[in-house]
Amino acid sequence: MVSRRDEMLGSFASTMNALVDAVSSPSSQSGSSSSAQQNAERGITHTGDRLARNIQSGLTTVLDSNSRQVQLAEPTVRDVAPPAASSASTSRAADPVNEDELPSYTRRAPKVRQSVVDTEETRNAILSNLKEHSFTSKSSRLELTVQSASANQYPLFVQDLLTSIAGQVIVNLEKDEPISAVRLRVKGVARTLAYRIQGNGRHPVLSELIFHEESRLLYEQTDPSQNLARGIYNFDYKFDLPERLADGSALPPSFSLATSDPGALGRSMEAASVKWYMKLTLARRGLLRPNERLFAPIVYLCRQPLPAPSPLRELAIAHGQKAPGPLEDPPGWQGRKSKLTCKKGVFKAKQAWFEIVVLVPKPSVFARESDGIEFYLKITSSDPEVTSDFPNSAIRVMLVQRTAVSAQGLQDTHETLIANANLHSSGADKGAKFATSDPETTGIWSKKATGTIRIPAHLVPSFQSPSIHVSYVVMVQATAPGTPALVTIPVDIVATQTKSLGIHGKAAAKPQDAPQVDLPPSYFSVVEESR
C-alpha cells in the first residue's frame, strides 16, 4: 500500500519534472541556438534539477517531522501514586525539542506579549491617579502621608508598576522638646509558627525573618543641649523598593494565614505572614523620656507575566473564541492519572478497578484576573456496579492553597480551600459502557466531565520566600466504596494586573480599579517592636 507521504512525494516529483521540461523545451525546438544560449539553457536545467532535489529533501523532512509530531501529539499525563503517597511537586520537565524540524513561517509580524506592552501604559495610568493615605499617632504629634494607587484604607504597591514609596512626615510639637532624631524605616518581615511535639503536648515555636529594611534619617540633633522648638516640621521622603532581595530572590507579596491554636482556647493566630510596614520614630534624649513610634502598614503585590499558551489556544483567545479542548489541541493540555482497585460484597468477593484522568491547560500558569482554570475529567471503571458509577455528587474538584512554613528548623504545611468547581457531564450523566477489541473488557465503563474553577480576583499569587512557600493545586476527590481517590495537579497563580487596571481599550485606570489582595484584619495590626 502506498502511503500518503509517498503519494505527496511522487506528485511533487512529477510536478517539478514537468516544470523543468517546460523551462528547457524552447532549446529543443530551436536548431540554430548559439553556444552561449545552450550553456544558459543547460544552467537553467541544472538549477531546476538542484532546486527540485532540495525542495523534495525539505518536504521529506517536514513530512517526517509532522509524522513524529502526530505521534507525540497527546496530552501529557503522569501516573499518580495512591493518596497516601501523593505529592505536590511543582517541578515540570521541559518539552522535547526536535532538531530536524524546520522553523515555522508566517507572514504576520511576531506578536509581542501584551503584558510587556502594557507595563509603561499601566504605570503612567497609576502615577497619574495617586491617592494620599494618612496615618496619625495617638498623641497627634506624628503624621505620615503615603502616596499610593489604592483607594482602600491601605497603601498598595505593585512590582514593576509602583515601587516608589513617597510622601511626607509631619511633626507637630506644642512645646520645646529634647528631640534627638526623626527616623523613618520601611520593613518587610516574615513571621512563621510551627509546633514542636514534646511530651504530651504541642508547643508553638515562632520565627521572625526581616528580609528587607531601609532607613532614612530625616532629622538629627548633634548638640545635646539644644531642644527642638515648638512648631510644625515637614520632611519629604522617598524609598525605592529593589527588584530583588540580596540573595537574588523576588520580593514576597503581602500575605497572612490565620490558624486556630489548640493550646490557646481556639484563639486565632497567624500561622504565617509576610508584612510590609513603615515605622516612624521620634527619638528623645534621656532614659526617662520614651521614644514615640508610629506604624503604617502597606501592601506589596508581586506581578508576573503569563507564559505563552499553545498556538491553537492563543489563536482562539485572540479571536474571542472558545479555547480548544484536549481532543482538538493535545499538546496544549497536561495532567495526571490515578488507578485504584476496590472490593465490594460481604467477603469482598467482587473486585474492580477504576482510573481517574485529570487534564488542565498547558502551561499550568493562570492569572487570577482570568476566567478561571479549565479542566477535563475522565473516569474509567472495569465494573461500575462495584466501583459505583461516580455521580457528580461523588466527585469534587477544588483549588487548594498549600502553605509550607519553617520555624527554627521545624516544618509545617497548611491547606486552605479556595474554590469549588461545578461539573458538567459530557454525554450521559451516569456514564456509558464502550466496546473494546478485548473480549474480556467488553464491560468497561467511562464517564467524562468538564468544568472551570473560578479564581478569586484578590487571591495572593504563588510565591516562595526563605521561610514561606505558597503554592496551589487542582485537587480531585472521587468517592468509591472503601477506596477514596485523590488526584492533584500543581498550578501556579500569578497576578498580571492588565485586566484590572483598565487596559485593552478600556477607560484609563482609576485608583478604585487598582489591583487588590485579600488580607485579614490581623495583617494591619503591626505588633510594636521592643527594638
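Analyst: Let us start with Leu301, which counts as buried because its relative accessibility is 0% and the label buried applies under 20%. Please keep in mind throughout that this is a predicted model.

User: Where is Leu301 found, and how far is Leu301 from Thr163 in sequence and in space?

Analyst: Leu301 belongs to strand E11, which covers residues 292-301. Between Leu301 and Thr163 there is a separation of 138 residues in sequence, while their C-alpha atoms are 10.0 Å apart in space.

User: Why is Cys302 called buried, and what makes Cys342 buried?

Analyst: Cys302 has a relative accessible area of 4%, so it is classed as buried, given that the cut-off is under 20%. Cys342 has a relative accessible area of 1% and is therefore buried by that rule too.

User: How many disulfides does a search of the whole structure find?

Analyst: The search, run over the whole structure, returns 0 disulfides.

User: Why does Ser525 count as partly exposed, and where does Ser525 lie?

Analyst: The relative accessibility of Ser525 is 46%, and since buried means under 20% and exposed means over 50%, this value falls in between and Ser525 is therefore called partly exposed. Ser525 lies in the segment that follows strand E23 (485-494), and its C-alpha is 9.4 Å from that of Ala296, although 229 residues separate Ser525 and Ala296 in sequence.

User: How do you know that strand E15 pairs with strand E20, and what joins E18 to E20?

Analyst: Strand E15 (residues 373-381) and strand E20 (residues 445-453) run antiparallel and are joined by 9 bridges; because pairing requires at least two bridges, they count as paired. One of the positions in this pairing is Leu377, whose bridge partner in E20 is Ala449. Strand E18 (residues 424-426) is joined to E20 by 3 bridges, also in an antiparallel arrangement, so this pair meets the requirement as well. Here His424 stands opposite Thr450 in E20.

Conventions:
Residues numbered from 1 in each chain as written. Predicted model: local features only at pLDDT ≥ 70, side-chain atom pairs only at ≥ 80, totals over all residues. Heavy atoms only, no water. Helix = DSSP H or I, 4+ residues; strand = E, 2+ residues; numbered from the N terminus. Buried < 20%, exposed > 50% of the residue type's maximum accessible area, 1.4 Å probe, protein only. Disulfide = S-S within 2.5 Å.
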